[in-house]
Amino acid sequence: MIAEAGLAALWLAAALAILQLFLAFGPSPVRAVAAGPVRSIAIVEGLLTVFAMAMLMWVFARTDLSVLLVAENSHSAKPWLYKVAGAWGNHEGSMLLWVTILGLAGAALAIFSRRLDAKTLTAALGAQGALALGFFAFLLLSSNPFARLSPPAFEGRGLNPLLQDPGLVLHPPTLYVGYVGLSVAFSLAVGALITGRVDSSLAKAMRPWVLGAWIMLTLGITAGSYWAYYELGWGGWWFWDPVENASLMPWLAATALLHSINVLAARDSLRAWTVMLAMVAFSMSMVGTFLVRSGVLTSVHAFAVDPKRGTFLLALLAIYVGAAFVLFALRSGKLSEGPKFELVSREAALVGNNLLLTVILGIVFIGTLYPLFIEALTGAKLSVGAPYFNAVAGPLALLLALLVCVGPLLNWKAGSGEKLKRLAVPALVGATVLVIAIFALPGDGILSRIALGIAGMLAIAAFLPLVGRKLRRTPLSTWGMVVAHFGIAVALTGMAASTMLTKEVLTAARPGEQVQVGPWLVEFESVTPTAGSNWTALEAELRASRGDGVTVLRPQARYYTSPPTETTESAIKTVFSGQLYTVLGKPAEDGRWQLRLWWKPLVTLIWLGGALIALGGALALVGRAWRGWRRAVV
Amino acid sequence: MNRYQKFKVGWVYLPLGCWLWAPLLLFLLILAALVWRLANPPDSDVQSAMVGKTVPAFVAPAAVPGKPAVTSGDLADGNPKLVNFFASWCVPCVGEAPVLTMLKQQGIRIVGIAVRDRPAELRQFLSDNGDPFQRIGSDPESRVQLAFGSAGVPETFVIDGRGIIRMQHIGPIEADDVPDLVQAVKDAR
């Protein structure tokens, strides 16, 4: 009954989406009275999707093996947390989560965006309904998560062991909230193009959504990076894997949007550009979902591939993105250019930010799809790896970081000359630091050295917007900007330092032997068998010391029984100055074991920086919400 | 205020500048590539180029005492069979073993090639997991494996009576695969 209730809720929600679409875009007498009903419908639709998701989590929590999805992806001997999280550790469940967030976003848009003019809101809700309808159809027609299995299975087939990790509980939901949260920006842009009202009130209505989605994307990417880092046992924090790129591209677009939206809100400028970015950002989310779900690109995220589903998703993508861009071409001609601004101004700096981010986005996009284009045209198979991305996107990202030092200090419109003069001395000092950093540091990699120098400058420059302000009266959103920009400096430091200074040892050692890696002396004590509730493992005992006390690390080579899979569980020791990362590999024939050891100085700063960037976003969001609330109350 | 005059035709605003269509054109290009990809799915497994060809000549000496060795001539003895590449150090092979026994019980002839293995461990593996093999050849340097065009263990090949490779199965054989493999061996007759 639980599964059937969930399925019924989905069908009802789909029916409501049709009604919503009809009310918002139907004949004009219908549209005239649509504003109220469309909002109510959006809210009910959101509640129904949440109900359906709750039902799916319930059947997973109970391990109801008469539900096909549970039988195929769960197992009664699995820890409780992973049973529930397993609800979205598979294709159908994760698409339901996607749709749930889409429904919730529609409901939230209906509830919170009352200050936007009614026609634009109605059209935006109609667009949101159109999006929801397509994905409801996808779920119900080709990916029903509630399908029954008759007779019920005796035991479930288990969850991919790589996914049995706290990362699974957090990583997909945060990323999805980010992905799908951008749908609101998309719908608002569509709505505003239809009504022709692209102005600062649209930007103000759109901003919290973009900000919220961007925070979640930042967290999701940061968490995913750390998860891959310790779970895959390859010691890297970013692999330029197509699925990683699929999450990075909406983030880049959203970051650009976040900045251009401020220009639209404050200066009523960059109208067509902002609208297009809002469309591109969510289009990137959909492309990402398609790439991941259709399995067309070879990736560590090897999900089950079903051509029918891929075709369905691609058709949805074609309809939505195609329609949005046609609308843009036909209607954005109406949008007049906003007020002009000088070359040295806040607007110009933000345009620079947008151009750089867009070019980086293009680079990542081309790199991700290039193998596909080449194979389609010539039949040759190739892959594009880190060397391309690092070499091409890296310098541009550094240029952007340099711009971040200056941009926030400039004034809107014009008259930044005075400020720039005051900047001259710090900039000179900064440049000196940069040069020293480039030449004095050990290790190799010119890009990393420059990055380290720029990071140092930015770490200071990020706080300059606070100079000369009364700190107590500085708006929270300014604090948010400062923290986020400082986060970039922190993350950049981590990336550069760990790239430059990492020490790696790959060795085959007998128990009892010692290995030196960086400042650490690692003694290989023993390998012993051990077991958990659904796995067995060989566990090494390593005693690591830097002259002050001994740390014991226990990396494992795990073997999961259902489904049969081998994984390596790295053991990591985090100290203030970095991480010691250890992996137990295969046994050699003569009683030696493969050991992989890394000393990664400052590597934790990467994720700390990511968290700071998200925190900055959160501060800005809270600050703006607080101000809006006070204005509404007073 | 505007750089150029704008006209409204119905709902549409003119002139329709080229750049307004740029996002759409770019998107259509990408869409075409994605459609092509869906129509031509990538092959992630390394398929052997040997399927449909005769097994190359090889001699794999007996891997354990009491089991005959395997030569390419043994494979062309008029009977269709499975050639299973396995190893005692290969963990998925343990999971595959009961399924191989099941296949043997259905009358399928199975020849084993032990890849990079040692006799003592191999004997232990066979006594732990059952021995469904008619012959077991030793392939200490993966030469036989490479000759078959196999990239990993376990892998299983269907060979017809004339010694021609009919089919390749990559990864462990699971219970679901049994009917297909039995049918493939029958078809190879």
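**View 1. Asp268(A) is found in the loop between α10 (242–267) and α11 (271–294) of chain A.** Helices here are DSSP runs of H or I with at least four residues, strands are runs of E with at least two, and both are numbered from the N terminus. The model is predicted: local features need pLDDT of at least 70, side-chain atom pairs count only at pLDDT 80 or more, and totals for chains, interfaces and linings use all residues. Residues are numbered from 1 along each chain as its sequence is written, while chains are lettered from A and ligands numbered from 1 in the order in which they are written. Asp268(A) is not a glycine, yet its phi is positive, at about 60°. Asp268(A) is partly exposed, with 17 other C-beta atoms within 10 Å. The classes count other C-beta atoms within 10 Å of a residue's own: 20 or more is buried, 12 or fewer is exposed, and anything in between is partly exposed; C-beta atoms are placed from the backbone.

**View 2. Thr63(A) sits in the loop between α3 (35–61) and α4 (68–73) of chain A.** Its phi is also positive, near 50°, in a residue other than glycine. Thr63(A) is buried: 20 other C-beta atoms lie within 10 Å.

**View 3. Helix α7 of chain A covers residues 118–142.** The expected span of a helix is 1.5 Å times one less than its number of residues. For the 25 residues of α7(A), that gives 36 Å. The end C-alpha atoms are 36 Å apart, which agrees. Of the 25 residues, 18 are buried, so α7(A) is largely enclosed by the rest of the structure. An α-helix has 3.6 residues a turn, so residues three or four places apart point the same way.

**View 4. Ala153(A) lies in the loop between α7 and α8 (166–195) of chain A.** Ala153(A) is partly exposed, with 16 other C-beta atoms within 10 Å. Leaving out residues up to four places away in sequence, Ala153(A) touches Leu65(A) and Ala71(A). Contact requires C-beta atoms, placed from the backbone, to lie within 7 Å. Leu402(A) is 249 residues away along the chain, and its C-alpha atom is 59 Å from that of Ala153(A).

**View 5. Residues 300–304 of chain A keep a pLDDT under 50.** pLDDT is the predictor's confidence in each residue, from 0 to 100. The model has 9 contacts beyond four places in sequence for this stretch. Where pLDDT is low, the predicted coordinates should not be read in detail. Over chain A the average pLDDT is 85, and 93% of the residues score at least 70.

**View 6. Strands β2 (residues 514–517) and β3 (residues 520–531) of chain A run antiparallel.** The two strands are joined by 4 bridges. Strands count as paired if DSSP finds at least two bridges between them. Gln514(A) has Glu523(A) of β3(A) as its bridge partner. The hairpin has 2 residues between its strands, and Gly518(A) takes a positive phi near 55° there.

**View 7. In chain A, 4 strands form an open sheet in the order β1-β10-β9-β8, with antiparallel pairing.** β1 (503–509) and β8 (571–575) of chain A stand at the edges with a single partner strand each, so one side of each has no neighbour in the sheet. Neighbouring strands of this sheet are turned by 15° against each other on average, direction ignored. Angles run from 0 to 180 degrees between N-to-C directions, and axes are lines fitted to C-alpha atoms, for helices over the stretch in contact. Within the sheet, β9 (residues 578–587) and β10 (residues 593–601) of chain A pair over 8 bridges. Tyr581(A) stands opposite Trp598(A) in β10(A).

**View 8. In chain B, 5 strands make an open sheet of mixed pairing, ordered β7-β6-β5-β8-β9.** β7 (135–139) and β9 (165–170) of chain B are the edge strands, and each pairs on one side only. The twist averages 20° from one strand to the next. β5 (residues 81–86) and β8 (residues 155–159) of chain B are antiparallel, with 5 bridges. Leu82(B) stands opposite Val158(B) in β8(B).

**View 9. Chain B is assigned domain 1 (7–39) and domain 2 (59–187).** Such bounds come from an automatic or database domain assignment. The centres of the two domains, taken over C-alpha atoms, are separated by 56 Å. Chain B has 6 helices and 9 strands. Of its 189 residues, 32% count as buried. Among contacts in chain B between residues at least 6 apart in sequence, 74% join residues at least 24 apart.

Note on methods: Contact = placed C-beta atoms within 7 Å.
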